[in-house]
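My entries follow in the order I made them.

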Amino acid sequence: MVASPDASGPAPKRPAAEMRGRVGPDIGEAAPIDTAPINTAATQTDGLGCHAGKDRLKAAAEQAGKSEVLDRYAADYPTGPHDQPQSMCPAFGSLRVGLRMKRTATVLSGSACCVYGLTFTSHFYGARRSVGYVPFNSETLVTGKLFEDIREAVHQLADPEKYDTVVVTNLCVPTASGVPLQLLPEEINGVRIIGIDVPGFGVPTHAEAKDVLAGAMLKYARGEAEQGPVAAPAAGVSEKPTVTLLGEMFPADPVTLGALLEPLGLAAGPTVPTREWRELYAALDCAAVAAIHPFYTASVREFHAAGRPVVGSAPVGVDGTAAWLEAVGKACNVAETDIDAAKAKFLPAIQGALADVPIDGRITLSGYEGSELIVARLLLESGADVRYVGTACPKTPWSDPDRDWLENRGVVVNYRASLEDDVAAMREFEPDLAIGTTPVVQKAKEQATPALYFTNLISARPLMGPAGAGSLGQVINAALGNKARFDAMDAFFDGVGEGYAAGIWEGVPQAPKAAKPAPRPKPAAKPLKAQSAKEAGAC
């Protein structure tokens, strides 16, 4: 039926002393519940497989009653100049968010091959709990039995002693077939039920899929807070006004951000996506939101509905930190003298850290995490000659400060960058170091250019404040110093060929020929008729 996700620890008790009302009437009116009728007739059509293609799957989903969801995704996560960058399955992002939360069960509904790939990837990245799966076949999909199976599985999982929340995710095929997760109960035995659609044909990147689930959870939590007191976070409540941090980041960065906020009389609040449900209440109960990652559009919508201001960019480098302290201070009505004092305390330290580890080299940078622009800022202030920044994420108002700063310094900024865009930039600017996704790194090394994988080697490092100022210098300079080694290897393997001709051959391999079109079928032979000796040409 369904693989039951692991759970550990007793259910948190919620005595009256813990209940708080700060997230209350000032947070805004509750959003109306969507009650659009489901086109159940459309779900009875022949099931679609992954092979059907994006356009056909999207058309089927719209016919099956998913138009409102897809329209919302199109507005939140706009595409262009092309429709979708190359990256991993988008659903990995939302799956990762759920697996990192305490007392949260995650269930996938999709093709078995997709579920296998997602669970493999999630455990490769350190997940330590099971992923629930409700299998289906053509019959259960087209008859609506799949939805009944999902509902039964959710009822089995909804144990308040183990879980606060059960998250069910439709992948491509169930979304295209109109499996209506919105008809699941909102709560079972006190356990919240959240159903989301994360199809590859509707959500462009795994980074934005994190926002799909984070936004859905914030909406649910905001509705709870508007109904009355809610549980305080397990870590307690800050006595100072807090700034919620939006976007996943290196574990040391929230600590650094807290230190930067302290002279302003503020404290760092929870990081969204959160690690447990009650942190969502504290995230909403903030003075302002710092959109460190600027693509969390659905989450920003919930904070705006709660009446909370949102500030873009991040405190990276001297200019970035000064501008961020100014913006956060103004959003929280901090006195100008306190803002100036915070700048005086931190900016010299950041300037010194940058000067201690200078970077001298031309760099192109690309990735799909959403932090590419702030990393480029830090590299530039470290002395690097950054020519190009490509990000798979879209342009949003909260990335404008970083885009303006970079473009004013001659850097090409490319949103929704494709692999072809990133490789073309690398070949055009001929960098000393290429930072990018795995295929970009591969292309760079093929032409003997040092390269670093953005996700594991760059974004997984501290970036903020004085701690982040010198963090990139060591790894970047070490990579730049490898140019001689790459040249030596390139010379050593010179002449062994590449691609289809790679290796040692007695003769030079011929380029593979393009596949020939299939021969046209011959017309059926006409029946022979009796011929006279003269007609047959007999002598």
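**Entry: surface patch.** I began with a nonpolar patch formed by Y116, F120, F124 and Y125. Together they have about 500 Å² of accessible area. Accessible areas come from the Shrake-Rupley method with a 1.4 Å probe, and for residues only the protein chains shown count as cover. Patches take residues with over 30% relative accessible area and no salt bridge; like charges are joined within 9 Å, nonpolar side chains (Val, Leu, Ile, Met, Phe, Trp, Tyr) within 5 Å. I placed Y116 in helix α3, residues 112-124. Helices (H or I, at least four residues) and strands (E, at least two) are DSSP runs numbered from the N terminus. Y116 counts as exposed because its relative accessibility is 56%. The classes I used are buried under 20% relative accessible area, exposed over 50%, and partly exposed in between (1.4 Å probe, protein chains only).

**Entry: ground rules.** The model is predicted: local features need pLDDT of at least 70, side-chain atom pairs count only at pLDDT 80 or more, and totals for chains, interfaces and linings use all residues. Residues are numbered from 1 along each chain as its sequence is written, and side-chain values use heavy atoms, with hydrogens and water left out.

**Entry: whole chain.** I noted 20 helices and 16 strands. Of the 539 residues in the chain, 52% are buried. The chain exposes about 25000 Å², and carbon and sulfur atoms supply 55% of that. I then looked at contacts (heavy atoms within 4.5 Å). Among those with a separation of 6 or more, 75% join residues 24 or more positions apart.

**Entry: salt bridges.** How many salt bridges are there by the rule? I got 24. The rule asks for a side-chain nitrogen of Lys or Arg within 4 Å of a carboxyl oxygen of Asp or Glu.

I checked K66 with D197 and found the closest N and O atoms 3.1 Å apart. K66 lies in helix α1 (residues 54-76) and D197 in strand β6 (residues 191-197), so this pair ties together parts 131 residues apart in sequence. Both K66 and D197 are buried.

Next came R151 and E148, with the closest N and O atoms at 2.3 Å. Both lie in helix α5 (residues 145-157), 3 residues apart, about one turn of the helix. R151 is partly exposed at 31% relative accessibility, and E148 is partly exposed at 35%.

I also logged E407 with R403, closest N and O atoms 3.2 Å apart. They sit 4 residues apart in helix α14 (residues 400-407), about one helical turn. E407 is partly exposed at 37%, whereas R403 is buried at 14%. Salt bridges with shared partners also join R96, R100, K210 and E248 into one network.

**Entry: the sheet.** Which order do the strands take in the open sheet? I read β9-β8-β10-β11, 4 strands with parallel pairing. β9 (267-272) and β11 (310-311) stand at the edges with a single partner strand each, so one side of each has no neighbour in the sheet. Two strands pair if DSSP finds at least two bridges between them. Between β8 (residues 242-246) and β10 (residues 288-290), which run parallel, I found 3 bridges. V243 stands opposite A288 in β10. Helix α8 (residues 252-261) packs on the sheet and touches β8 and β9. Its direction makes about 150° with that of β9. Axes are lines fitted to C-alpha atoms, for helices over the stretch in contact, and angles run from 0 to 180 degrees between N-to-C directions.
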